[in-house]
Structures are given as structure tokens and as C-alpha cells.
Amino acid sequence: MTLISSSLLIHMIELLSLVLFFTTATQVMCRLSNETDRLALLSFKELIAEDPLGSSSSWNNSLDLCKWDGVTCSRKHRRIVVLDLRGKSLSGILSPFLGNLSFLRSLYLQNNIFQGKIPMELGLLFRLQHLNLSFNSLQGEIPTNLSNYLTAIDFKSNNLVGKIPASFGSLSKLTYLNLCTNNLIGGIPPSLGNLSLLRIVDLGVNSITGTIPYSIGLLPNLRAFSIGVNKLSEYGVGGKISTQGDVYSYGILLLEMMTGRRPTDEIFTDRQSLHEFCKSALPE
């Protein structure tokens, strides 16, 4: 009986040792991961040129990372999941070390005065769902490697150049895309027609050329599509309607969807104009 009790006691001690070992190891790993986030934010702070509201004044070694202003941590891992510094009048350059915040789900830096390029390292944030950099002075091209988990992208009112990335067509969870008031050129990628969850698109006030892809008009959840003040081909300009120009403007997309006809169909002869056909097909 004594031998059995001693054996049971030894097993209990071994089990307790294992539990303590794994608990300690987990705590150490969390601290190390938490340290990665802390260093990333301190690197971000170093590139802030002006902070008139003292928004990053709490970012120091005397205060727990998860209590820093603008920071929200997860309960389980104590990792940063939200960084919200909107409207803080911050100026400077966006640090590439933001890409080390591997648990980040939401990044809100709108309404500041950040300059320079959008770091390509943001593409490392594979959990990122909301990205708002609007109303800054960011330059350069839009990164092509953003997270496939993104549901909202807002880059409006910056100084971005180049084309709308065709890779955006692979962001299958995207519901909101705002790129208005920049200096974007080139055409609208037809791949945006792959985004079946897309609800709102604003591409206005750029220098976008060409036509609106037919696939955009077939998006099942699209509620708003803004493309004003660009350099798209206009309907009816230059006389004869062309399949290379204005046929796929958004209004014509609606016409095709409602009537099943295109402006270039042979039915539209001198005896029946497009306007007359619409009046008969779509009575008041």
C-alpha cells in the first residue's frame, strides 16, 4: 500500500511539473510576442515628426503596452489587434515595422498628415480586416500584396499615383473600397468584378481612363459606385458609338441589364433610335 501511494505521488509530482513547465513556457512566449509588438510601435513612434496632441506620450517602458493610447490588445495572447490613431494630427512617415504587428486586425490612421509611401510590409499583416489611411498626404503606388482578409480599404484624399492594383480582384472578402481624390491613372481592373461581396466603390476624382468593365455591373451586392471627375470615355462623344469606348459606361450597363440590348445592336437604325427603344421598353 505504501509503495502504491509513493508511486502515485511521484506521478502527481511529474504531472504538476509538466503543467508548470508548459504554463511558464506559454507565458514566456506571450511576453516575447508582446515584446515584438512593443518594439514595432516604438519604431513607428521614432518616425513620427510631430505629435501635437501627445498621442504617443504614453508609449514608454513604464506603462504596459496594452494600456498605451490607441492600442487594443487581445485578451488571450495580449497582442495588438487594433491600432487607432485617427485624427491625432500626427505627421511623419509610416514605419515598415508596422508589418510586425502580426495579430493586427484594424489599422486606423485617417485624418493625420502622414507622408511618404504606404509600406509594402503592411502586406505581412495577414489578419488585417480594416485599413483606413484616408485624409493624409501619402504618396507612391498602392501596395499589391494586401491581406486577403480585408473587408474595407479606405485610401481617399491622399496623393497616391499609379494604377489600381489588379490584385485587388483576389480580395474576396472586400465590401468597401474608397480610392477617391488621388492621382491614379490607367483603367479599372476587370478583376474587381470577382468581388461578389463588394457593396461600395468610390474611384472619383482621379485620372482614370478607359471604360467601366462590364463585370462591375454584374456585382450582386453593389449599392454605390462612384467614378465622377475622371477621364473615362463619355457616352456619345465623337459621333458613332464604339465598342472600344463608351459602351460599357455604368448607365449602359444598366441598359443592357434591363433591356438585353446594346447600343451597337443592328436594331438601332435610323428608324428606331436608342432613346425611342428605351421609352418603349421601359414605360413610365
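Arg38 counts as buried in this predicted model, because its relative accessibility is 18% and the cut-off for buried is under 20%. Its salt-bridge partner is Glu35, with the closest N and O atoms 2.7 Å apart, and Glu35 is partly exposed at a relative accessible area of 30%. Both residues belong to helix H1, where Arg38 and Glu35 are 3 residues apart, about one turn of the helix.

| Pair | N to O distance | Relative accessible area |
|---|---|---|
| Arg38 and Glu35 | 2.7 Å | Arg38 18%, Glu35 30% |
| Arg78 and Asp64 | 3.6 Å | Arg78 38%, Asp64 37% |
| Arg86 and Asp84 | 3.0 Å | Arg86 38%, Asp84 25% |

In the pair formed by the side chains of Arg86 and Asp84, Arg86 is partly exposed at 38% relative accessibility, while Asp84 is partly exposed at 25%.

Turning to the nonpolar residues, the largest nonpolar core has 55 residues, and Phe155 and Phe168 are those with the most contacts inside it. Helix H1 (2-46), strand S2 (71-73) and strand S3 (80-84) each supply at least two residues of this core, with the largest share, 3 residues, coming from H1. In soluble globular proteins, nonpolar side chains tend to be buried together. When residues up to four places away in sequence are not counted, Phe168 touches Ile142, Pro143, Leu146, Ile153, Leu177, Leu179, Leu192 and Leu195.

Phe135 is found in the loop between strand S7 (130-132) and strand S8 (152-154), and this residue is partly exposed, with a relative accessible area of 36%. Leaving out residues up to four places away in sequence, the contacts of Phe135 are Asn111, Asn112, Lys156, Ser157 and Asn158. Phe135 and Asp154 are 19 residues apart in sequence, and their C-alpha atoms are 9.3 Å apart in space.

Notes: Residues numbered from 1 in each chain as written. Predicted model: local features only at pLDDT ≥ 70, side-chain atom pairs only at ≥ 80, totals over all residues. Heavy atoms only, no water. Core = buried A, V, L, I, M, F, W, Y, C linked by side-chain atoms within 4.5 Å. Buried < 20%, exposed > 50% of the residue type's maximum accessible area, 1.4 Å probe, protein only. Helix = DSSP H or I, 4+ residues; strand = E, 2+ residues; numbered from the N terminus. Contact = heavy atoms within 4.5 Å. Salt bridge = Lys/Arg side-chain N within 4 Å of Asp/Glu carboxyl O.
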